[in-house]
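Q: I am new to this structure. Could you walk me through how to read its features, one at a time?

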Amino acid sequence: MLNASIRLVTDTAVIDGRGIRVSEGGISLFAAANLAVGTQIKLEFMTPPSKKLLSVRGAVRYRAVYLYGVEFLAEDFKDQQQIAHLGNLFRTKHVHF
């Protein structure tokens with residue numbers, strides 16, 4: 001389970017959201033937005049306890065009103081490292097930030 005503030009960055013907007021579940025492949029989140037399935041976005045998290053900004057790219061794969069399923073996208077090694085770091089953070093404990 002996850003309870004994390006997330007910033008979604010699109011080509012036209014910056015939207016505050018709330019992460020509810022995360023896996024190595026993606027994240028389920030709530031955001032008061034109108035994102036179509038297939039939209040590519042950037043997700044930004046402030047990681048505890050260092051408050052380091054972690055940024056990963058993703059694509060909307062599922063939508064039910066304001067609940068979204070986003071698949072992480074990794075095109076290079078840096079993307080893969082960010083996704084792995086994010087997964088490690090949330091697997092080791094229940095994170096609330």
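This is a predicted model: local features need pLDDT of at least 70, side-chain atom pairs count only at pLDDT 80 or more; totals for chains, interfaces and linings use all residues.

Q: How many aromatic pairs does the structure hold?

A: The general idea is this: a pair of aromatic rings is described by the distance of the centres and the angle of the planes. The structure holds one aromatic pair. F30 and Y66 form that pair, with 6.2 Å centre to centre and 80° between the planes. That makes the pair edge-to-face.

Q: Which parts does the pair of F30 and Y66 tie together?

A: F30 sits in strand β3, and Y66 in the loop between β5 and β6. The pair therefore links parts that are 36 residues apart in sequence. Y66 has 37% relative accessibility, so Y66 counts as partly exposed.

Q: Now charges. How many salt bridges does the structure hold?

A: Side chains of opposite charge can pair when their charged atoms come close. The structure holds three salt bridges. R7 and D16 meet through their side chains, at 3.4 Å from N to O. R7 is partly exposed at 38% relative accessibility, while D16 is exposed at 58%. K42 and E44 also form a salt bridge, again listed at 3.4 Å from N to O. K42 is partly exposed at 32%, but E44 is buried at 17%.

Q: Which residue forms a salt bridge with E71?

A: R61 does, and the closest N and O atoms are 2.6 Å apart. E71 lies in strand β6 and R61 in strand β5, so the pair ties together parts that are 10 residues apart in sequence. E71 is partly exposed, with a relative accessible area of 34%. R61 is partly exposed too, at 46%.

Q: How do the side chains along strand β1 point?

A: They alternate along residues 2-9. L2, A4, I6 and L8 point to one face and are buried.

Q: In which sense do β1 and β2 pair, parallel or antiparallel?

A: Antiparallel, over six bridges, with β2 spanning residues 14-22. I6 stands opposite G17 in β2. The two strands form a hairpin, with four residues between them.

Q: Which residues touch the most other members of the largest nonpolar core?

A: L8, I27 and L43 do, in a core of 21 residues. The elements giving two or more residues to this core are β1, β3, β4 (40-47), β5, β6 and α1 (77-92). The largest share, four residues, comes from β1.

Q: What does I27 touch, leaving out residues up to four places away in sequence?

A: Its contacts include L2, I6, L43, F45, Y68 and F72. G19, R21 and V22 are also among them.

Q: Where is E24 found?

A: E24 is in the loop between β2 and β3 (26-31). At 57% relative accessibility, E24 counts as exposed. E24 and F72 are 48 residues apart along the chain, and their C-alpha atoms are separated by 8.0 Å.

Methods. Residues are numbered from 1 along each chain as its sequence is written. Side-chain values use heavy atoms; hydrogens and water are left out. Buried means under 20% relative accessible area, exposed over 50%, partly exposed in between (1.4 Å probe, protein chains only). Two strands pair if DSSP finds at least two bridges between them. Rings of Phe, Tyr and Trp (its six-membered ring) pair if their centres lie within 6.5 Å; planes under 30 degrees apart count as stacked, over 60 as edge-to-face and the rest as tilted. A nonpolar core is a set of buried Ala, Val, Leu, Ile, Met, Phe, Trp, Tyr and Cys residues joined through side-chain atoms within 4.5 Å. Contact means heavy atoms within 4.5 Å. A salt bridge is a side-chain nitrogen of Lys or Arg within 4 Å of a carboxyl oxygen of Asp or Glu.
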